[in-house]
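Colleague: I have some questions about the labels used for this protein. Can we go through them one by one?

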Amino acid sequence: MNRHQRKYLSSSVLASTAFGALLLCNPSPGLAVPLLGSDLASFAVLGSSTVTNTGATTLTGNLGVWSSGGANAITGQTTITINGDPALTTGAVFVHAGDALAQSAQGQLTTAITNLGLMGTGTTLVNPDLSGVTLVPGVYTVHAGTSNLTATLPLTLDGGGNANAAWVFQMDSTLITSPGSKVNVINTGSGAGVFWDVRSTATIDTTTSFQGNILALTSINLLTGATIGCGRALANTATVTMDTNTIGSGCGAETGGVGSNAFSGGLTVPVGGGTPTFLPFASVGGGSATAPEPTSLLLIGTGLVGLVFAVRRRKPSAGGHAVDELPV
């Protein structure tokens, strides 16, 4: 191998190594998707078989029901005020009873529940009553109890300044709150997520001020005056029952200000499903760098290869002029 060939080989190795290093960078966001699919994320309330309402209820987001063998009925709809989320709905249709969008959302709900289960038990909280507790982002298992939230003190979810903070509650049976109980979410931002993975029934008692997405395997009962400030009520195999409730209207500027954001961030799943992962830390009010998309990596790598060859294949001639050095 002569001198020219050795230089050419050296350039090739250098370029290949640099491009390979780019491909080993942090995974691109293009390789993962949000935990809640876009159809599911458009709903404030989604039931299976039936959804019933009594009294003046207000929703920010779609209202829907779908079951292959159910009535797909929504009762008491005339007293529901729906502030739909135009960013994620088709046209101005915010009620979906037994249609394709509701069916797709139910399928995405099943997938989301399955994916949350893959995250494991996390930290087990011995006392099922979470009142007066402050929790940092993470995965928590909560056992069944008389009440998971009493009115004595609120449950506080403290994001610690992370705009992408996420909390997952693996409720191994029911989710039950007491009248007047409260959940507070603090020190986080528009990328946050709160997910209540309920293995059976959720009952949110009167005047409870709740936060986050309830993904219940069976039914959800929202008693008189209960609110979900920022979040959703999503029932997979049974009914959602409402009585003078407000859902999703408490998503302020810190959560994007629209129903579709509704504390649904913080986690992504691989394309095709799998164990969700937490998003990287992003300062509240600041932002964080994200990995380039795969196409960006390709363009960067290609440019680097060209630059390496341009530098390595040109050398000064005897007369001081640059000439191409070609492999021989």
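What follows takes each label and sets it against its cut-off.

Modeller: First, the ground rules. This is a predicted model, so local features need pLDDT of at least 70 and side-chain atom pairs pLDDT 80 or more, while totals for chains, interfaces and linings use all residues. Residues are numbered from 1 along each chain as its sequence is written, and side-chain values use heavy atoms, without hydrogens and water.

Colleague: How many helices and strands does the protein have?

Modeller: There are 4 helices and 26 strands. Both are DSSP runs, numbered from the N terminus: helices are H or I with at least four residues, strands E with at least two.

Colleague: Why is the pair of Y140 and F169 called stacked?

Modeller: Rings of Phe, Tyr and Trp (its six-membered ring) pair if their centres lie within 6.5 Å; planes under 30 degrees apart are stacked, over 60 edge-to-face, the rest tilted. The centres of Y140 and F169 are 5.8 Å apart and the planes stand at 25 degrees, so the pair is stacked. Y140 sits in strand β11 (residues 138-142) and F169 in strand β13 (residues 166-171), 29 residues apart.

Colleague: What makes Y140 buried?

Modeller: Buried means under 20% relative accessible area, exposed over 50%, partly exposed in between (1.4 Å probe, protein chains only). Y140 has 8%, so the label is buried. F169 has 0%, so F169 is buried as well.

Colleague: Why is the pair of W196 and F210 called tilted?

Modeller: The ring centres of W196 and F210 are 5.0 Å apart, and the planes make 45 degrees. W196 is in strand β16 (residues 193-198) and F210 in strand β18 (residues 209-216), so the pair ties together parts 14 residues apart in sequence. W196, at 1% relative accessible area, is buried. F210, at 0%, is buried too. Y140, F169, W196 and F210 form one aromatic cluster.

Colleague: How do you know that Q106 is buried?

Modeller: Q106 has 4% relative accessibility, so Q106 counts as buried. Its place is in helix α3 (residues 100-117).

Colleague: Which residues does Q106 touch, leaving out those up to four places away in sequence?

Modeller: Contact means heavy atoms within 4.5 Å. Q106 touches L46, G47, S48, W66, A235 and N236. The side chain of Q106 also reaches the backbone oxygen of G47 at 3.0 Å.

Key:
A polar contact is a pair of N or O atoms within 3.5 Å; within protein, one must be able to donate a hydrogen and the other to accept it, and residues adjacent in sequence count only if both atoms are side-chain atoms.
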